[in-house]
Amino acid sequence: MSDHVFPRSFASPPLTAVAAEGSFIFDNQGKRYLDASGGAAVSCLGHSHPKVVEVIREQIGRLDYAHTGFFTNSAQEALADDIMAHAPANMARAFFVSGGSEAIESAIKMARQYWLEKGEPDRTRIIARRQSYHGNTLGALAVGGNAARRAPYAPLLSDAMSHIAPCYPYRDRGDGESEAEYGLRVANELETEIQRLGPGNVAAFVAEPVVGATLGSQPAVPGYFQRIRQICDAHGVLLIADEVMSGMGRCGTLYAMEHEGVAADLIVMAKGLGGGMQPIGCLLASQGVVEAYVDGSGAFTHGHTYMGHPVGCAAAVAVQQVLREEGLIDHVYNNGPKLEALLQERFGNHAHVGDIRGRGYFWSLEFVADRTSKSVFDPKEKRHARLGQEGLARGLICYPMGGTINGIQGDHVSLAPPYNASNRELELAVSLLGEAVDATFS
Ligand SMILES: Cc1ncc(COP(=O)(O)O)c(C=O)c1O
């Protein structure tokens, strides 16, 4: 690695990727890695899908960039039309940026300005959940509940954000408490927090429909989001769905919220939108939000240099077309149980796997020292990091993480394979993960 790159970690320099195709990445030693997590649940079509590559080539040769302060462009228009043709019925317009954090920042600001447009300037508070992740820029980090990532920057994080409990039944559901009772109890924390802050002061509630990396592909229990929606409606609070990781087909439906039967007011997406072939994020605004702006000041006081970038938008249109042409989201829906079954078969009786959870092509294992007591490994041992290394040694890319329970304790690993991965590749992923897990925990 060049001495001139500022890496993520000086302690553990990364491998060098030189090529990628389908479900595999190749390093500069010629070693092959099965990308069973799509990096961080990004590469929904695997790598370098030829149709998307062709569209990117064509777009960049025709129109590379035109600042959105002066111009719109046909790729942005096409992507907005395409997205709106398949979006939840209450959605009206799309705002394109360069990634998930930018899209979350945009959502927070759009919610805040919405209340200014509506003449309720006191609505400045944003509520989110502990053990969530919404991005690494300061606004997104402040909204998020990833304790480890927040810690170094705590003095810089806005106190306009506060947090309620996640929906995490494996550890938090009480003995004798039904799933429905548990879901209601934790959803009602939103009501309590709104009352504490004063309903007229709360702008929005933000949540991942399926919590991604921080908690390990954790869906909510049935009824949870319906109760959340009721509470938001009762107090006029906007509901922001962060679908950056869980959306765009990852959980077997285009939007992760479809599973919950609940409509958000703002939807944020990124990873699977461009499948990693271009950096792109998107914020969808509902008709009600759009009308407030149109009837109000008429302009969103926000923007970025690369928003609505033609190449990113063209790539995303191509990704969405391939997903439809190849029936890949239905495939994830129908074949997700196959991935679950493979994991159950390999890890269902594993002494150190306490929970197997997920949806679609987004599954995680939560590790325990003891299954009965659910005790965890000493965080100092950093088992999750070792698991990542054991995976790489075997040619497997998975997505391990520590701090599952509270930012410090607990270890889990996630898989998020490409939607077009073959069943043999899924089997290989689970088999290699099994070897890596045994080497790490046994
Ligand atoms: C749910 C969620 N929101 C936001 C983000 C931030 O996205 P990005 O890394 O593209 O800025 C992520 C990234 O992992 C995420 O998983």
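A disulfide is a pair of cysteine sulfur atoms within 2.5 Å. Such a link is a covalent bond between the sulfur atoms of two cysteines. The structure discussed here is a predicted model.

**Cysteines**

By the 2.5 Å rule, the model contains zero disulfides. The sulfur of Cys44 has its closest cysteine sulfur in Cys251, 12 Å away, which is too far for a bond. The table sets out the two residues.

| Residue | Closest cysteine sulfur | Distance | Relative accessible area |
|---|---|---|---|
| Cys44 | Cys251 | 12 Å | 0% |
| Cys251 | Cys44 | 12 Å | 1% |

Buried means under 20% relative accessible area. Cys44, at 0%, is therefore buried, and so is Cys251, at 1%.

**Two domains**

The chain is divided into domain 1, made of residues 17–48 and 327–441, and domain 2, residues 52–325. Contact between them involves 39 residues from domain 1 and 41 residues from domain 2. Their C-alpha centres lie 25 Å apart.

The size of an interface is often given as the accessible area lost when the parts come together. Between domain 1 and domain 2 this area is about 3300 Å², with carbon and sulfur atoms giving 58% of it. On the domain 1 side, the residues that lose the most area to domain 2 are Ile329, Arg359 and Phe362, which together account for 23% of what that side buries.

Charged side chains also take part: two salt bridges are counted between domain 1 and domain 2. Separately listed is the salt bridge in which the side chains of Glu366 and Arg171 meet, with 2.8 Å from N to O.

**Strands β13 and β14**

Strand β13 covers residues 353–359, and six of its seven residues are buried, so the strand is largely enclosed by the rest of the structure. Its partner is strand β14, residues 362–367; the two pair in the antiparallel sense over six bridges. Within this pairing, Gly358 stands opposite Trp363 in β14. The two strands form a hairpin with two residues between them.

**Ser286 in strand β12**

Strand β12 runs over residues 281–286, and Ser286 lies in it. Is Ser286 buried or exposed? Its relative accessibility is 5%, so Ser286 counts as buried. Leaving aside residues up to four places away in sequence, Ser286 touches Asn90, Met91, Ala92 and Asp265.

How values were computed
Residues are numbered from 1 along each chain as its sequence is written. This is a predicted model: local features need pLDDT of at least 70, side-chain atom pairs count only at pLDDT 80 or more; totals for chains, interfaces and linings use all residues. Side-chain values use heavy atoms; hydrogens and water are left out. Helices (H or I, at least four residues) and strands (E, at least two) are DSSP runs, numbered from the N terminus. Buried means under 20% relative accessible area, exposed over 50%, partly exposed in between (1.4 Å probe, protein chains only). Contact means heavy atoms within 4.5 Å. Two strands pair if DSSP finds at least two bridges between them. Domain bounds come from an automatic or database domain assignment. Buried area is the accessible area (1.4 Å probe) that two parts lose on being put together, summed over both. A salt bridge is a side-chain nitrogen of Lys or Arg within 4 Å of a carboxyl oxygen of Asp or Glu.
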